[in-house]
Amino acid sequence: MLRWAVQNMVAAQDLQGHAYSEMFMELPSRDEHPDYYQFIRQPLCFADIERKLDLKEYINPHALVSDIRLMLSNAQFYNEEGSQISVSYTHLRAHETPEH
């Protein structure tokens, strides 16, 4: 069920077929965005979450939801409102819990 919830978020697309999760799959490049790592204390991306799923590190759905919320909160904090990533963040937020 936990993996399905993450796959559901990763698969969410806009009307043109672009995945909202695209910019969340990997962490930002340290070379291109060095300040990200100064502002964001716990960087997290979908690749990290999927790795934790593979290693069975989530003891319950709440731990997964906590990581997803952290990933989305990081994006909201770092990126300007109205940017493409903030639009994607808003749509992913609607899919953030395993109950969906």
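Author: Lys56 lies in the loop between helix H3 (46–54) and H4, which spans residues 61–78. Helices here are DSSP runs of H or I with at least four residues, numbered from the N terminus. This is a predicted model, in which local features need pLDDT of at least 70, side-chain atom pairs count only at pLDDT 80 or more, and totals for chains, interfaces and linings use all residues. Residues are numbered from 1 along each chain as its sequence is written, and side-chain values use heavy atoms, with hydrogens and water left out.

Lys56 is not a glycine, yet its phi is positive, about 55°. The residue is also exposed, with a relative accessible area of 71%; exposed means over 50%, buried under 20%, and partly exposed in between, with a 1.4 Å probe and protein chains only.

In H3 itself, the buried residues are Phe46, Asp48, Ile49, Lys52 and Leu53. Viewed down the helix axis, these residues fall within an arc of 160°, so they line one face of H3. The arc is taken from the directions from the helix axis to the C-beta atoms. An α-helix has 3.6 residues a turn, so residues three or four places apart point the same way.

The buried residues of H3 pack against helix H1 (2–11), H4 and helix H5 (84–93), where contact means heavy atoms within 4.5 Å.

Technical notes: Helices (H or I, at least four residues) and strands (E, at least two) are DSSP runs, numbered from the N terminus.
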